[in-house]
Amino acid sequence: MSQRGNRSTVGYNESGTGKGESGSSKRSNSETSSESAESEPFLLNDETVIVDVRPTWWGWTGYIALASMLLGLGLLLSFVEFAVGMMAVIPGVLLAGYVWYQRSRHRYLVTDRRIIVVSGLWTRTTTETWVEDVSGLQTKTTTFSRSRGYATVAASHTVSPSGFGLGGDLQLQGVPNYKRVTQTIRRCQSKRKGR
């Protein structure tokens with residue numbers, strides 16, 4: 001019987017404190033091997049997941065505000081005329097469903113070896129890069145996103161003199177606690193490249 005390595009998972013909460021954990025941080029070998037076979041077939045047996053996050057809700061603030069206004073208006077109007085109220089409630093529900101769907105279909109993982117973007121609910125697509133192959137990291141924030149602790153993180157294999165990358169960058173949009181995530185990638189790079 002072959003010995004499989006432990007896989008630990010640490011997820012950062014979206015409040016900006018970075019203290020939250022998703023799931024247990026240590027798992028037994030038998031639990032890890034059955035989990036990887038069923039839910040995470042893209043992970044290697046001896047790979048350690050360091051970061052496992054989904055895009056933050058803050059990235060859809062405008063959509064959520066509009067959905068809330070439509071739902072509130074629809075509920076108020078439904079007291080006067082039910083059909084008119086439903087004309088506002090239905091788009092609000094659809095917009096809220098769209099936001100939930102878009103957030104649920106993306107997952108970002110940083111392991112001790114790779115950066116992985118998993119997308120899709122029914123059909124899954126994984127896009128990945130090996131940590132040691134990343135030549136540059138770029139974070140992109142606005143004043144609002146920076147104050148909420150999230151950003152878009154791009155990992156690139158090429159850095160041109162005039163700017164960052166020449167296309168083909170691995171994009172992680174709406175990453176909560178982006179500073180901690182980028183530091184984790186840098187630490188993994190340092191270990192893998194022996195620096």
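The largest pocket in this predicted model is lined by 21 residues. Pro55, Tyr108, Thr152, Gln173 and Gly174 lie nearest its centre. About 350 Å³ of space lies inside this pocket.

**Largest pocket**
- Four strands each supply at least two residues of the lining: β2 (106-111), β3 (114-119), β6 (150-156) and β9 (170-176).
- Strand β9 gives the largest share, four residues.
- By class, 13 lining residues are polar, seven are nonpolar and one is charged.

**Serine 156**
- Serine 156 sits in strand β6, one of the strands that contribute to the pocket lining.
- Its relative accessible area is 0%, so serine 156 counts as buried, the cut-off being under 20%.
- The side chain of serine 156 makes a polar contact of 3.0 Å with the side chain of aspartate 169.

**Helix α5**
- Helix α5 covers residues 178-193, 16 residues in total.
- At 1.5 Å a residue, α5 should span 22 Å, and its end C-alpha atoms are 22 Å apart, which agrees.
- The buried residues of α5 are Tyr178, Val181, Thr182, Thr184, Ile185, Cys188 and Gln189.
- Glycine 194 follows α5, and its phi is positive, near 70°.

Note on methods. Residues are numbered from 1 along each chain as its sequence is written. This is a predicted model: local features need pLDDT of at least 70, side-chain atom pairs count only at pLDDT 80 or more; totals for chains, interfaces and linings use all residues. Side-chain values use heavy atoms; hydrogens and water are left out. On a 1 Å grid over the protein atoms alone, a cavity is a set of points where a 1.4 Å probe fits but cannot get out, and a pocket is an open set with protein on both sides within 12 Å along at least five of seven lines; lining residues have an atom within 4 Å of a point. Grid points are joined across faces, edges and corners, and a volume is the space filled by probe spheres set on the points. Ala, Val, Leu, Ile, Met, Phe, Trp, Tyr, Cys and Pro count as nonpolar, Asp, Glu, Lys and Arg as charged, and the others, Gly among them, as polar. Buried means under 20% relative accessible area, exposed over 50%, partly exposed in between (1.4 Å probe, protein chains only). A polar contact is a pair of N or O atoms within 3.5 Å; within protein, one must be able to donate a hydrogen and the other to accept it, and residues adjacent in sequence count only if both atoms are side-chain atoms. The expected span of a helix is 1.5 Å times one less than its number of residues.
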